[in-house]
Amino acid sequence: MKYIEKLAKIDRRIIYLILFLTVLLPYLFKISLPMKPLPEVVQAYREIDRLPAGSVVMISIDYDAASMPEVQPMLYAILRHCFSKDLKIIMLGHWPLGIPLGIAALEDVAKEYGKKYGEDYVFLGYRPGVAAVMINMGKEIRSVFREDYWGTPLDSLPMMRNVHTYDDIAILVGFEAGSTGDYWVQYAQARYNQKIILGGTAVVAPDWYPYLQSRQIVGLIGGLRGAADYENLVHHKALAYYGMTPQAAVHILIVIFIILGNIGYLALRRRK
Amino acid sequence: MKREVPIAITFISGVLLVIAFFIPHEPFGSLEQRFNDWYIIVSGFALILGIDSLLLHHWNKVSRRSKDWFHSLSLIIAFFVTLIWGFYSGIKTGHFLSAQSTFRQYFYMYVFVPLQATMFSLLAFFIASAAYRAFRADRFEAALLLFSAGIVMLGRVPLGNAVAPYMVGLVFLIFAYLLYSDGRKEVDPTRRYLKIGGAVLSLILIYPVGWFFLHYTAQTAGWIMNIPQLAAKRGIFVGIALGGIAMSLRIILGIEKTYLR
Amino acid sequence: MAQVFWTWVAAFLTLAIFSFLYKDNPFYKFAEHIYVGSSAAFWFVYLWYFDIKPKLIDGWRYNTGFEKYILIIPAVLSIFMLMRFIRPLAWLSRWAIAFTVGMAAGLGITAALQGYLVPQIQATFLPLWVSKGSFWHSLGISINNFVLVLGTIVTIFYFYFSKEHKGTLGALSRAGIVFIMVAFGASFGYTVMARISLLIGRVYFLIHDWLHIV
């Protein structure tokens, strides 16, 4: 019993070190493990996959660097999917501190696929007021964004000429780290019947399952696992996919921690 | 003036939006759009309300040379460097976040992103430590929560199916040991045999339960997310939505005035 | 060259924050204060580029007549908002706050009704017996539907505080707690997943971008 009691009093820094090594080692040995994509991610993939070329997809950047490792890979995977299918992208965002992450990804992937600004993709930027922005865009996008991010009037951009409201947008993909996804559903979907896919951190994703079942959203990409699944589906395995191995190792470690912690606790309680 | 006008403004703006929702025709439709537009402008300013107290607080620390004043000074310097760099890049390249802007290329990507991302990644360590020290299955509810968490954690990663049987088996083994050692001390013979019987049953169950999780951990995690988790979240959010409506009505009607303090 | 320099800066800041795990120290404090200071400044830059300039200044420049002069109202409200910084005029900021609060309340009512309550309750009206494919398949779907409907109802009962939880209501709310615990467990599992992913991101930065090991 002595060992078990010692186990219960282990220094937290030893736990930190074990955690750090558990993340590091799978990377060093380059292990990757197969996974079957989750149905909610496959659903999102199919919704985008069946859009005819030239359809407009709106992407919203509602996260920042604090959740970049989870959400950024999703954004890359979806952008690759859209550009490979010749879909057009309008990007905007509601989280100012994350906006540059969105532009960086958009410029990267556009370059990869040889896409031209103004013809294949447009960046609108940010306006404060979340709900008000969403509602007014349902009436006329220009009432919120007279110009794009660089100050060019929207009508001078060829791909924006026929895009005025949500009616001209095939699917909206929200990348979320907070409650903005709920706003998208409650304003853009409920009022204007906009088709929505939500992708976001594993913290917010569980709250969206009710929307998925009520068909208020047509796809859900949650956490690193969701991102890895999407990378898998577009046959471009990258950060998220290879991150799933350390992820798996740490999940196992945490479950072991919970069990060991409880054994130590029980041992101490019995002693008393 | 100081109290009545704000209450009137709240009432008018709130009621207008509700009316415009039910009667989206003129003049309400365009009024709603205009109010939304004003809201977009004004709410931007609300975002910076907290900043003055932040700067003031740290400036006081610096001027009084109180403990850690040096850090307060670095906060103030960081504030102005960011501000000036942002505007400088904006003037030079047309937009502070343009591809050529050094603000975006260097400050944002190599200072801001690492700081924010690392700050939040510390939580991984704290949650691991909490898993070890704080998550005690000492009541039925707590055990249920941890069990559901464990299955979801293992079911959502590769290797989950292969590992879960061992984890579940270990839990059953501990459970059997607890029942057995409790049973041995029991004086009442019926309870004694019930507990020892329970311990034996737990041992026997390890095999079928282990077999189940060997094949169905991932599916079980999916089922938890899509059925019971969904149901509870829906119930909770229906409650929150009802509460939100009640609160909004109280604000619009001027019953709730705490925001005017 | 600049790239290398800035990567080292990023690595230094990353390690400075990680050093907190050993114990609180000046490096961590320094990094933390820089983070707070620069994110505060960020909001100012944003306010200018995404709010004041496009909405107010450009609006004033490019609009004419009524559309131009009506902008005075939001401009005045915005200035009122900043009056909070000037003690004797601080009460004016309440006008602006009242406007944003009223708007949020008005928007909130319709969103909760149309965006959550109606569609979510509608989606809970599921058939309790579904006949689709084989008997076992039908049974599976039917059980799932039943659990979903039951879970939603008992969770709502758990949060019904207007009456003491005794008798039938007590039984329902006890069933509610079972569902709530399973949901919290699932959310907790997902939260662990999220936090670990963030660490993975930072470790990858250190070994890939900085040290080039992988």
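**Salt bridges**

Analyst: Over all chains, the structure, which is a predicted model, holds 28 salt bridges. One of them joins R156(B) to E40(A), with 3.3 Å between the closest N and O atoms. This pair crosses between chains: R156(B) lies in the loop between α6 (140–155) and α7 (160–185) of chain B, while E40(A) belongs to helix α3 (residues 39–49) of chain A. Both R156(B) and E40(A) are buried.

Another salt bridge is formed within chain B by D68(B) and K67(B), whose closest N and O atoms are 3.8 Å apart. Here D68(B) has a relative accessible area of 26% and is therefore partly exposed, whereas K67(B), at 66%, is exposed.

Also in chain B, E256(B) pairs with R250(B), and the closest N and O atoms of this salt bridge are 3.5 Å apart. E256(B) counts as buried because its relative accessible area is 12%, which is under the 20% limit. R250(B), with a relative accessibility of 35%, is classed as partly exposed. Salt bridges with shared partners also build one network, whose members are K67(B), D68(B), D24(C) and K29(C).

As for the setting in chain B, the chain is divided into domain 1 (1–47), domain 2 (53–134) and domain 3 (137–226). The centres of domain 1 of chain B and domain 3 of chain B, taken over C-alpha atoms, are separated by 56 Å.

Terms used:
Residues numbered from 1 in each chain as written. Chains lettered and ligands numbered in written order. Predicted model: local features only at pLDDT ≥ 70, side-chain atom pairs only at ≥ 80, totals over all residues. Heavy atoms only, no water. Domains from an automatic or database assignment. Salt bridge = Lys/Arg side-chain N within 4 Å of Asp/Glu carboxyl O. Helix = DSSP H or I, 4+ residues; strand = E, 2+ residues; numbered from the N terminus. Buried < 20%, exposed > 50% of the residue type's maximum accessible area, 1.4 Å probe, protein only.
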